[in-house]
Amino acid sequence: MPANLSPEFKAAEDEYRQARDPQARLACLEKMLSAIPKHKGTEKMQADIKRRISKLKDGLERKSGKKGFSYMVDREGAAQIAIVGGPNVGKSSLVEATTNARVEIGDYPFTTRSPQPAMLAYENLQFQLVDMPAVSREHMEFWVTDIIRVADLALWVIDSAAADLERDVAEVCDVLADRKVEMVGHDALDDGMNAAVRKLRSLIVAAKMDAPGAARGLPWLKARFEPEFFVLPLSAFSDDARGDLGRAVFQLARIIRVYSKTPSKEPDLQKPYIMHQGDTLMDFARKVHKDFADGLRFARVWGEGKFDGQRIQRDQQLADGDVIELHI
Ligand SMILES: Nc1nc2c(ncn2[C@@H]2O[C@H](COP(=O)(O)OP(=O)(O)O)[C@@H](O)[C@H]2O)c(=O)[nH]1
Ligand SMILES: [Mg+2]
């Protein structure tokens, strides 16, 4: 096996080995494929991962009975985010208001029948929202839990104007608990999709803030969930919905954007490397190219609170917006 695979790749591979069901295995393989350094030395491995992905997908399609149709959603963008919530709480309206996708919105419950991916843009990033049918005791599509389990994060949408918020919140928690899923706040530890209980970091969207009754619901939600969770008040009919949601999701995802530059050239600020809070210079070097990780002599950084072009240590943690010049 070629050396110098990134920690991200190794983590995904470990998860893959432990994954029990095909959906989780598929998600791990997709993570491995996106994390594997793309160069000649890994071509065989890349092909092998792709082969395993298509085999698993074939199997899942046969099981769902529809050739060419899979409930799994191909990952795109900086994170895959499941839209979770009871019936009629405004999940689809939220997705429609904050992305360019057209989705089904209805006054009757259970409108959304299959997972609907849509991209939420925030500055130079894109997040993939996956709209889904409701989490509910009465009726729940079997694959909804699978999608939730493999997502990176979730938006937990709650109708702030609902008549009985306490009951609505309890129902979602109970139904998910039966399926070994727990929504946790932004600071909680995500111990991966193969943990006995999938603890999914999530953001609470207090939806329908323009509706009568929401003014009573919001304080209840804040008292119940803050500070463990971020609670974001939102109306699908407000012009601010897109910007507000983008900013909140960016915070939840703990993403930092790092740019690579070559000596005496300007960096391409449209193409960030997607890193996470706590990642170091060496994590970045590995992500850019194995050769940089192997032969790194020194690196310079431009960024907030730093002297322009200052040299940094290998274990230095990077910050959002850092521009790095790697020297080998
Ligand atoms: N007043 C108000 N109504 C909303 C809002 N978002 C959704 N709705 C209404 O709530 C109902 C259910 O919306 P939908 O997005 O289909 O909910 P879903 O079942 O959770 O996907 C529809 O009648 C929407 O028009 C909102 O922000 N404000
Ligand atoms: Mg819907």
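Is Asn88 buried, exposed or partly exposed? Asn88 counts as partly exposed, because its relative accessibility is 32%, which falls between the cut-offs of under 20% for buried and over 50% for exposed. Keep in mind as you explore that this is a predicted model.

**The largest nonpolar core**

- The largest nonpolar core has 32 residues, and the ones that touch the most other members are Val84, Met132, Val135, Ile148 and Phe225.
- Several elements give two or more residues to this core: the strands β1 (80-84), β4 (153-159), β5 (181-184) and β6 (198-207), together with the helices α5 (144-150), α6 (165-178) and α7 (214-225).
- Among these contributors, α6 gives the most, with 5 residues.

- Strand β1 is mostly covered, with 5 of its 5 residues buried.
- Follow the side chains along β1 and you will see Gln80, Ala82 and Val84 pointing one way, while Ile81 and Ile83 point the other way.
- On both faces of β1, these residues are buried.
- β1 runs parallel to strand β3 (residues 125-131), and 3 bridges join the two.
- One place to look for this pairing is Gln80, whose bridge partner in β3 is Gln128.
- β1 also pairs with β4, again in the parallel sense, over 4 bridges.
- Here you can find Val84 standing opposite Trp156 of β4.

**A cavity inside the protein**

- How many cavities of 30 Å³ or more does a search of the whole structure find? The search finds 1 cavity of that kind.
- The largest cavity holds about 40 Å³ of space.
- Its lining is made up of Asp21, Gln23, Ala24, Asp146, Arg149, Val150 and Met193.
- Helices α2 (22-35) and α5 each supply at least two of the lining residues, and α5 gives the most, with 3 residues.
- Sorted by class, the lining has 3 nonpolar, 1 polar and 3 charged residues.
- Rolling a probe the size of a water molecule over the atoms shows where empty space is left.

**An open sheet of five strands**

- Elsewhere in the model, 5 strands form an open sheet with mixed pairing, in the order β9-β8-β12-β10-β11.
- Why is one side of β9 and of β11 left without a neighbour in the sheet? β9 (273-276) and β11 (310-311) stand at the edges and each has a single partner strand, so one side of each has no neighbour there.
- Strand β10 (residues 298-302) and β11 run antiparallel and are joined by 2 bridges.
- Within this pair, Arg300 has Arg311 of β11 as its bridge partner.

- Lys287 sits in helix α9 (residues 281-288).
- With a relative accessibility of 30%, Lys287 counts as partly exposed.
- Setting aside neighbours within four places in sequence, Lys287 is in contact with Glu8, Tyr273, Ile274 and Met275.

**Backbone angles to look out for**

- Most residues other than glycine have a negative phi, and most peptide bonds are trans.
- Asn88, from the opening question, has a positive phi near 65 degrees without being a glycine.
- Asn88 lies in the loop between β1 and α4 (91-98).
- Lys180 also has a positive phi, near 60 degrees, and is likewise a residue other than glycine.
- Lys180 is found in the loop between α6 and β5, and its relative accessible area of 45% makes Lys180 partly exposed.
- The peptide bond from Glu226 to Pro227 is cis, with omega near 0 degrees.
- You can find Pro227 in the loop between α7 and β7 (231-233).

Definitions and conventions
Residues numbered from 1 in each chain as written. Chains lettered and ligands numbered in written order. Predicted model: local features only at pLDDT ≥ 70, side-chain atom pairs only at ≥ 80, totals over all residues. Heavy atoms only, no water. Core = buried A, V, L, I, M, F, W, Y, C linked by side-chain atoms within 4.5 Å. Buried < 20%, exposed > 50% of the residue type's maximum accessible area, 1.4 Å probe, protein only. Pairing = 2+ DSSP bridges. 1 Å grid on protein atoms, 1.4 Å probe; cavity = no way out; pocket = protein on both sides within 12 Å on 5 of 7 lines; lining within 4 Å. Points joined across faces, edges and corners; volume = space filled by probe spheres on them. Nonpolar A, V, L, I, M, F, W, Y, C, P; charged D, E, K, R; others polar. Contact = heavy atoms within 4.5 Å.
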